[in-house]
Amino acid sequence: MKFKAFLTEEGVNLLDKRFLPALDKVGRVCLVYFTRNHAMFLHNLLNGDGVQCVAQFDKDLLFSDYRISSKNDDKIVFSLDLALLQRALRSAVSILHSQGGCDPSETGDLQRSPRQVQIKLLKKSPPGSQQPSPFLSFETKGYKSAVVHDVPISRPLSKDDVAELQGALDMAQQLPQTLVQIPDLGQLQILVERLKNVGELLSVSIAQYGDLHLQVSTGLVTLGSEFRRLRVLGTRADAPAGDHKLTPESRTRLAIERGEAQSVQVSMKHLSRSLQCHFAKPDCAYYGIAPQGACLTVIYQFFLPGTRQMDKSISLYCRLPVLEPGYG
């Protein structure tokens, strides 16, 4: 089992300034999954607890001179502490900047630059131990010196565990039939922070008309908000005439009765945690409910710089477990 690559300038910036801070808010420990073509960071794919989160990158976006080999179809999976990974990355960046910066434009290729960050998998014995342990090693080469920063990782997953993980990942990539676009994540985040003060459980309803209804109910108070006529991807329907005269609760109830809406209950803590993905600076987000109300799906979308065209080299989405009616 071997892995070795050089981090690109864009890869350093994406991980250090955007994605690692976001992923660390979702959960401190995650799985890292390397394949021939992609690098992924995964939360909670192998258990039903907490928010499932998947961040996937094309290998060429993060790395150059990417080399991977394993007996498991060139797939390598291990877990690590994101805070330690971020510390190693920032240490590498700091060393490069102290020696004149990390600017591959001077040579046109980070791999050939005398200032570079190489990462690789290795085994070594920690001080005071005779048993070798696995590490993800960062070797930062400057003009005058080289510094190695080792991040401890778990033992790589077995072939059977990787197959189970791949199955869970394939299932997590299935899209809800209807997705509605949230144009202002900041507004939604402010709303959720207010609703958190009312209760721990949130009812989320999504209609094929482009309506999103959020509501918290306790024994003393009911508080909610409604977003109407949002952009719809997938299955859509025309709203009944005169539905604007109804209350949000009545609109939602009738839409569910007509089979044109779904409603689920999720943990406010889970929704708030998924919203921390705004640190990755997505351009927009879509919400949807899986068939039979299996989960609430949040898809974050990124555009190519200066365009409204989707950047297909980056994928980030979350799946929130739903709670049974009457939970808590």
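Modeller: A pocket is an open set of points on a 1 Å grid over the protein atoms alone, with protein on both sides within 12 Å along at least five of seven lines, and lining residues have an atom within 4 Å of a point. Its lining comprises 13 residues, with M1, K2, F3, L121 and L122 the closest to the centre. Strands β1 (2-7), β5 (63-69) and β7 (116-124) each give two or more residues to that lining (strands are DSSP runs of E, at least two residues, and helices runs of H or I, at least four, numbered from the N terminus). By class, this lining has eight nonpolar, one polar and four charged residues (Ala, Val, Leu, Ile, Met, Phe, Trp, Tyr, Cys and Pro count as nonpolar, Asp, Glu, Lys and Arg as charged, the others, Gly among them, as polar).

A note on the model: it is predicted, so local features need pLDDT of at least 70, side-chain atom pairs count only at pLDDT 80 or more, and totals for chains, interfaces and linings use all residues. Residues are numbered from 1 along each chain as its sequence is written, and side-chain values use heavy atoms, with hydrogens and water left out.

Now for the largest pocket, whose volume is about 420 Å³. It is lined by 21 residues, and L175, I299, M310, S315 and Y317 are the closest to its centre. Two or more lining residues come from each of β4 (52-58), β17 (295-301) and β18 (314-323). Eleven of the lining residues are nonpolar, seven polar and three charged.

Cavities, where a 1.4 Å probe fits but cannot get out, number three at 30 Å³ or more. The largest cavity has a volume of about 130 Å³, and L15, F41, L85, I119 and F138 lie nearest its centre among 15 lining residues.

D211, H213, E226 and R251 are among its lining residues, and β11 (201-207), β12 (211-217) and α6 (248-257) each give two or more. Here the lining divides into five nonpolar, three polar and three charged residues.

Methods. Points joined across faces, edges and corners; volume = space filled by probe spheres on them.
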